[in-house]
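User: Please walk me through this structure. I am seeing it for the first time.

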Amino acid sequence: MADLEAAAGPVEVVLGPATRNRVAEGREFVMRCLAEGRPIYGATTGFGPLVGFSGRDEDTDQCENLLSHLTAGQGPDLPTSIVRAATLARLSSLARGRSGVSVSVLDALAEMLKTTFAPAVPRLGSVGASGDLVPLAHLTQALKGRGHAYADGVRQDAGDALASCGLRPLDLDGRDALGLVNGVSLTAAAAGLAMAQFIRSHRIAGLLSAMLADQLGCGTDFCDHHLLEAFGHPEAIAEAADLRARLRGTRPTGDRPLQEPYTIRCVPQLLGAVRASLGQARDVILRDLNGISDNPLFFPEDNLVVHGGNFFGQPVAFAADTMTTAVVQTGNLAERQLDLLVDPHRNGGLPPVLATEPGRQHGVQGVQIAATAIIADMRRSAVPASLQSLPTNLHNQDIVPFGTQAALNAFDQVRSLRLLHGSLAVALRQAIHVGARRPTAPACADVMERLMDAIAPIEPDRPLHEDVRRAADVLDDVVASQLDND
């Protein structure tokens, strides 16, 4: 996951001798099979449902034909971080040596990743069933100098972007073009980036829950090890242990209700279930990123050309939809915790919406309204994409997983979750200013100090959109350091 995030900027990918030899052997085997007259999908045939017809006579024409008819995407450009991560994922798959592409293709992808170059790839076009055909065709076209691309973050003609980055247009022949487009690398990369952020956001959710409980003066029975061991779910047990560590040293006020609202009392059970779903989805996504997504595959050691469905993105489709469900419920928790904190009937007597002079000042009122809009948008977008199968491609693709849409949706959802956590953090910081006690647990107090350094008290009212994003960044930095230490 960290490799995918690093690819947002220039990175060096080394193709060692073993990799180069493996890829070259696969390429030589493809050429030998073609010389022997063996049928190979996409090399001797048309594409998709036109497999029963002969392809173009010349290899280069065959490549051009494939890319031309697939360059049909629509919608806004994908974030360049996703496109560059997809390039890395595609390079990893091709480097396994089972796709029959030229070594020069891998060199070109590696050279691109050393620069700031990023193809302009439209969001809509892939059903994730025969690879991410349409978006990866746009990616490949940009590497050939066609269409548009970004260099140093500026969108421009792809040829100009290549030149400014010191790159040469990509030359393709034989099976190269099909190898570049015939895998679900965009799906896997987008899901991987979503997961990388969600791993941090899950920990942030636990941290903010502990800070809320500490500032309100809650007891810690809700994360007692006896209680959670009786519950029997190992992830909830682990979540409670993390909460106890964060709350070590807290001093309950003794004037809270016998039982806290569920937004505090049930945090171990809720975030424990999230942890279980996160772990399963992470394993699936990592297997996909480190596997081979293509068709056909070539096994020269066994003299085999095997046609099948390793470009079918069902595993990641389910994993991404599972992630989205867990992300949205984590968002529900944050939004409800924010509501608890701003309500004077439930927040221990703090002023409504944490305003210093209610009526003359409005505290985090606007932040809460925006948070409500964010969670509503997340819920509305949480319908599983993996259930939307529609036959297409003359029923060649008669069932499809829509993994690309599932992965991109998960990517969008975790970015929204960051904003909810930033909103809650701004409110926790403002609560100190209007009379809440500072956290008494050292772990919670340290984070609050960082938030107070970054976010000024809200008095008088001011625009808070940047404060929310700044708070989200602070939380990300805190948790990233913890994960590095782990």
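Analyst: Helix H1 (2–6), H4 and H13 each contribute at least two residues to the lining of the second largest pocket. Helices (H or I, at least four residues) and strands (E, at least two) are DSSP runs, numbered from the N terminus. The model is predicted, so local features need pLDDT of at least 70 and side-chain atom pairs pLDDT 80 or more, while totals for chains, interfaces and linings use all residues. Residues are numbered from 1 along each chain as its sequence is written, and side-chain values use heavy atoms, without hydrogens and water.

User: What volume does that second largest pocket have?

Analyst: The volume of the second largest pocket is about 400 Å³. Its lining has 21 residues, and those closest to the centre are Asp-3, Leu-88, Ala-89, Ser-92 and Asn-290. On a 1 Å grid over the protein atoms alone, a pocket is an open set of points with protein on both sides within 12 Å along at least five of seven lines, a cavity is a set where a 1.4 Å probe fits but cannot get out, and lining residues have an atom within 4 Å of a point. Points are joined across faces, edges and corners, and a volume is the space filled by probe spheres set on them.

User: How does its lining divide by class?

Analyst: The lining of the second largest pocket has 14 nonpolar, four polar and three charged residues. Here Ala, Val, Leu, Ile, Met, Phe, Trp, Tyr, Cys and Pro count as nonpolar, Asp, Glu, Lys and Arg as charged, and the others, Gly among them, as polar.

User: Which residues line the largest cavity?

Analyst: Ala-89, Arg-90, Ser-93, Val-184, Ser-185, Ala-188, Asp-288, Leu-289, Gly-291 and Ser-293 line the largest cavity. Four of these lining residues are nonpolar, four are polar and two are charged.

User: Let us turn to helix packing. How do H11 and H13 cross?

Analyst: The axes of H11 (residues 234–246) and H13 come within 7 Å of each other and cross at roughly 120 degrees. H11 is therefore oblique to H13. Axes are lines fitted to C-alpha atoms, for helices over the stretch in contact, and angles run from 0 to 180 degrees between N-to-C directions. Under 35 degrees counts as roughly parallel, over 145 as roughly antiparallel, 65 to 115 as roughly perpendicular and the rest as oblique.

User: Which residues of H11 and H13 meet?

Analyst: From H11, Glu-235, Ala-236, Ala-238, Glu-239, Ala-240, Asp-242 and Leu-243 meet Val-267, Pro-268, Gln-269, Leu-271, Gly-272, Arg-275 and Ala-276 of H13 (contact means heavy atoms within 4.5 Å). By class, this contact of H11 with H13 has eight nonpolar, two polar and four charged residues.

User: At what angle do the axes of H9 and H11 cross?

Analyst: The axes of H9 and H11 cross at roughly 50 degrees and come within 9 Å. H9 is therefore oblique to H11. His-202, Arg-203, Gly-206, Leu-207 and Ala-210 of H9 make the contact with Glu-239, Leu-243 and Arg-246 of H11. The contact of H9 with H11 comprises three nonpolar, two polar and three charged residues.

User: What about H16 and H18?

Analyst: H16 (residues 403–433) and H18 (residues 465–485) pack with their axes 7 Å apart, at an angle of about 100 degrees. These two helices are therefore roughly perpendicular to each other. By class, the contact of H16 with H18 has seven nonpolar, three polar and five charged residues.

User: New topic: where are the cis peptide bonds?

Analyst: Pro-296 is in the loop between H13 and strand S6 (297–299). The bond from Glu-459 to Pro-460 is also cis, with omega near 5 degrees. Pro-460 belongs to the loop between helix H17 (442–454) and H18.

User: What is the phi of Asn-303?

Analyst: Asn-303 has a positive phi of about 55 degrees, although it is not a glycine. Asn-303 lies in the loop between S6 and strand S7 (304–306). Most residues other than glycine have a negative phi, and most peptide bonds are trans.
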